[in-house]
Amino acid sequence: MSSKLSTFICQNCGTETSQYFGKCLNCNSWNSIVEEIKSKRSKYQDIKNSKKAIPFNEISSKKISRFTSGFKEFDRVLGGGIVPGSVVLIGGEPGIGKSTIVLQSAGKISLSEKVLYVTAEESLEQVKIRWERLKQDSFDLKILAETNLSQIIEEIKRINPSFAIIDSIQAIHNHEMESSPGSVSQVRACSSELQNLAKDNNIALLIIGHVTKDGALAGPKTLEHLVDVVINFEGDKISSHRLLRSIKNRFGSTFEIGIFEMLEAGLREIKNPSSIFTNKENISGVATTITNEGTRPLAVDIQALVSKTFYSNPRRTTTGININRLHQILAVIEKHVDIKLSEFDCYVATGGGFAINDPSSDLGVAISILSSLKNIPPLASSSFIGELGLSGQVRKTNNLRTKIEEAARLGIKNIVVPKLEEDLNNNFKNIINIKEISNIKEALVYSFRQ
Ligand code: TYD
Ligand code: MG
């Protein structure tokens with residue numbers, strides 16, 4: 001019992017409408033709406049073995065046993081390992097290393113679990129070449145090169161693995177639908193069928209998705225709410241560092257990061273990530289902050305270049321920091337430190353271009369700007385933590401204790417922080433000098449004393 005019907009779907013955000021619009025009503029993108037024909041199944045067709053509700057206290061509360069991905073850094077981002085029956089989506093730009101990391105992980109997992117790797121983009125021989133480069137061991141790893149969803153589902157059912165990988169969701173298609181692979185309706189239909197299969201058979205499923213040019217997953221809304229975990233694989237193709245960052249996680253905290261390095265033989269975990277985002281040099285224009293990404297404290301250098309402008313509108317650019325945040329910090333300095341910054345261009349970049357979300361990096365940004373402006377390095381071996389309020393005050397921050405511990409672990413001698421709620425000075429006596437401040441002016445006096 002099936003009938004054809006046509007619908008109009010925005011290829012950018014997945015919004016469905018019954019008629020064509022030149023501009024999407026939801027995300028405002030132009031010319032992104034495409035007509036798609038989909039077959040509609042009867043509502044009741046799929047109800048075969050209906051499930052019954054059960055009393056809550058009959059559910060066993062025994063801990064879900066996760067299995068390791070083979071990488072400690074990957075496990076951390078997943079919230080402690082892979083949960084059986086969960087669906088994880090890894091998104092990233094083409095060529096960033098998604099296939100590499102999942103293949104390495106598949107090899108490691110296959111030493112203890114049955115694993116199926118479905119490649120829809122490459123041939124078996126191409127995967128084999130990559131495999132040889134990675135110099136991996138495997139025991140129970142099966143590989144399937146297929147793009148047809150029904151065939152993939154048949155094979156998953158036949159093999160019944162504990163862990164299956166789909167590389168990538170945009171390359172597979174459901175032949176019952178007329179739209180082309182990679183379109184929002186295909187991506188949505190294929191993902192939801194695969195998700196049902198994973199849940200029904202308790203298979204952990206990892207789906208790879210490519211990101212569009214503006215950094216969003218194709219059909220983002222559709223995919224993100226379907227899956228349990230969404231991870232972004234980020235990095236600059238020119239540098240060798242790669243970051244896994246959880247954007248959504250039903251089984252762990254979000255914004256958790258895992259850091260890797262891309263080498264000749266694949267990806268390697270970085271054990272001490274703070275060391276790659278800091279230089280430990282005491283030069284003007286550089287201030288170190290400790291940020292919290294997920295549950296991990298991380299030291300990152302903030303670099304600023306402030307120079308006299310030749311433009312009527314001074315230039316402000318950022319790498320790794322939100323540009324609006326920079327505008328706000330500049331406005332606070334202008335008002336509360338009384339420095340006319342409108343005559344200066346201002347460029348701010350984080351060490352390695354690491355994207356910081358934690359607002360407590362504000363103070364580091366402000367100190368690096370002032371240091372570049374004055375051409376004086378900030379106090380040697382120091383780090384700066386605190387969110388800048390609009391009235392110039394330095395506001396409280398989360399996880400201050402773990403940040404101070406990280407600074408101490410790295411051998412940093414001074415740390416400038418907002419007023420503490422508990423007295424930590426005794427805990428860190430002779431290890432790190434904690435300077436509590438309440439506003440930007442105080443921070444300035446302390447940081448640039450000679
Ligand atoms: P790939 O995993 O194919 O990217 P994606 O699946 O995200 O499109 O990675 C491709 C890049 O990684 C390619 O530029 C080569 C590089 N690479 C290495 O540097 N070392 C390796 O061992 C491998 C397998 C790839
Ligand atoms: Mg790939």
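Predicted model: local features only at pLDDT ≥ 70, side-chain atom pairs only at ≥ 80, totals over all residues.
A polar contact is a pair of N or O atoms within 3.5 Å.

A polar backbone atom of Lys98 is 2.8 Å from an oxygen atom of the ligand. Arg133 takes part through its side chain, with a polar atom 3.2 Å from a nitrogen atom of ligand 1. On its own, ligand 1 has 560 Å² of accessible area, and the protein covers 76% of that area.

The surroundings of ligand 1 comprise 16 residues. The closest are Gly95, Ser99, Thr100, Arg130 and Glu264. By class, the shell holds six nonpolar, five polar and five charged residues. Several elements contribute to this shell. Helices α2 (98-109) and α3 (124-134) each supply at least two of its residues, as does strand β11 (257-263). As for its site, ligand 1 sits in the second largest pocket.

The domain layout was examined next. The protein is divided into three parts: domain 1 spans 2-41, domain 2 spans 65-271 and domain 3 spans 275-447. The centres of domain 1 and domain 2, taken over C-alpha atoms, are separated by 27 Å.

Two points of backbone geometry deserve mention. Most residues other than glycine have a negative phi, and most peptide bonds are trans. The peptide bond from Asp167 to Ser168 is cis, its omega being near 0 degrees. Ser168 belongs to the loop between β7 (163-167) and α5 (184-201). Asp338 has a positive phi, near 60 degrees, although this residue is not glycine. Asp338 is placed in a loop too, between α8 (323-336) and β16 (344-350).

Definitions and conventions:
Residues numbered from 1 in each chain as written. Chains lettered and ligands numbered in written order. Heavy atoms only, no water. Near = heavy atom within 4 Å. Polar contact = N/O pair within 3.5 Å; in protein donor to acceptor, adjacent residues only side chain to side chain. Areas by Shrake-Rupley, 256 points an atom, 1.4 Å probe, with all protein chains shown as cover. 1 Å grid on protein atoms, 1.4 Å probe; cavity = no way out; pocket = protein on both sides within 12 Å on 5 of 7 lines; lining within 4 Å. Sits in = over half its atoms within 2 Å of the grid points. Helix = DSSP H or I, 4+ residues; strand = E, 2+ residues; numbered from the N terminus. Nonpolar A, V, L, I, M, F, W, Y, C, P; charged D, E, K, R; others polar. Domains from an automatic or database assignment.
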